[in-house]
Amino acid sequence: MSNKPNRESNQMVSKPTLRRLPMYLTYLKTQAEAGKTNISATAVANALGLNEVQVRKDLSAASKSGGKPKIGYCIAKLTADLEEFLGYQNTKSAILVGVGRLGGALLSFRGFQDCGMRIAAAFDNDPQKIGTEIDGIRVYNIEDLPHICKLINVHIGIITTKPEEAQAVCDTMLRGGIRAIWNFSTAHLDTSPDVIVHHENLAVSLAMISHDLERVLRQEQRRNAGEEQ
């Protein structure tokens with residue numbers, strides 16, 4: 001019987017667990033680079049500030065190898081299981097629309113390859129950008145998007161346009177066969193239920209950071225006030 005995790009089982013994993021798995025993977029790779037071969041769930045939990053029980057539960061959802069008493073998990077095996085579960089070993093092509101500062105930065109970001117994604121083409125409506133290349137990725141006219149998407153059989157689209165342009169871009173992507181959209185604009189996208197849309201809202205992330213920072217600062221103020229009494 002194969003010990004490989006069931007790729008279809010990730011549909012049953014909660015979104016919080018899916019968000020934590022890449023974090024585990026990154027940490028495991030740093031430990032492997034440091035020369036370590038085994039690691040315990042306790043060590044992972046302490047390093048990442050998580051609950052040990054939750055770490056074990058998350059890892060068991062993605063890997064059937066399990067940790068051994070006094071030895072822990074084999075880092076190489078656990079890393080391979082997580083990459084397999086997350087689909088990092090199967091490179092998926094994507095296209096990007098909106099070659100501004102953010103779009104240009106994403107085109108230059110080499111970390112996507114490590115996560116199993118390759119941006120195959122970029123699109124814009126600016127004549128000065130059309131026909132240029134950013135890190136080897138050619139920028140095409142947005143009008144050619146449906147044809148090119150079908151030609152290269154791509155199903156992932158990244159939107160980095162202004163909010164008022166996002167819905168029109170979304171509609172164009174859908175005509176080209178895009179089935180999953182990574183939306184970096186703040187606009188709400190109107191799509192059919194069978195289209196996957198993930199909103200990367202930087203304002204929400206900033207609000208969460210600000211809230212957590214305020215909580216930490218209030219705790220420090222209370223501790224300092226108690227020490228002064």
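1. In this note a residue is called buried when its relative accessible area is under 20%, computed with a 1.4 Å probe on protein chains only. The model is predicted, and every value below should be read with that in mind.

2. As an overall picture, the chain has nine helices and nine strands, and its C-alpha trace spans about 60 × 60 × 35 Å along the principal axes. Of the 229 residues in the chain, 34% are buried. Among the contacts with a separation of 6 or more, 57% are between residues 24 or more positions apart.

3. Helix H4 covers residues 75-86, twelve residues in all, and from its first C-alpha to its last it reaches 16 Å, close to the 16 Å expected at 1.5 Å a residue. The helix is followed by Gly 87, which has a positive phi, near 80°.

4. Which residues of H4 are buried? They are Ile 75, Leu 78, Thr 79, Asp 81, Leu 82, Glu 83, Glu 84 and Phe 85.

5. H1 contributes Leu 18, Leu 21, Pro 22, Tyr 24, Leu 25, Leu 28, Lys 29, Gln 31 and Ala 32 to the contact, while H4 contributes Ile 75, Leu 78, Thr 79, Leu 82, Glu 83, Phe 85 and Leu 86.

6. Glu 83, which lies in helix H4, deserves a separate look. Its relative accessible area is 18%, and because the cut-off for burial is under 20%, Glu 83 counts as buried. The side chain of Glu 83 is joined to that of Lys 29 by a polar contact of 3.0 Å. Leaving aside residues up to four places away in sequence, Glu 83 touches Leu 25, Lys 29, Tyr 88 and Gln 89.

7. A further helix pair is formed by H2 (residues 41-48) and H3, which pack at an angle of about 115° with their axes 8 Å apart. Angles of 65 to 115 degrees count as roughly perpendicular, and H2 and H3 are therefore described in that way. The contact is made by Ala 41, Thr 42, Val 44 and Ala 45 of H2 together with Glu 52, Val 55 and Arg 56 of H3, and the crossing of H2 past H3 is right-handed.

Definitions and conventions
Residues numbered from 1 in each chain as written. Predicted model: local features only at pLDDT ≥ 70, side-chain atom pairs only at ≥ 80, totals over all residues. Heavy atoms only, no water. Helix = DSSP H or I, 4+ residues; strand = E, 2+ residues; numbered from the N terminus. Expected span 1.5 Å × (residues − 1). Buried < 20%, exposed > 50% of the residue type's maximum accessible area, 1.4 Å probe, protein only. Polar contact = N/O pair within 3.5 Å; in protein donor to acceptor, adjacent residues only side chain to side chain. Contact = heavy atoms within 4.5 Å. Axes fitted to C-alpha atoms, helices over the stretch in contact; angles between N-to-C directions. Parallel < 35°, antiparallel > 145°, perpendicular 65-115°, else oblique. Left-handed = near helix turned anticlockwise from the far one by under 90°.
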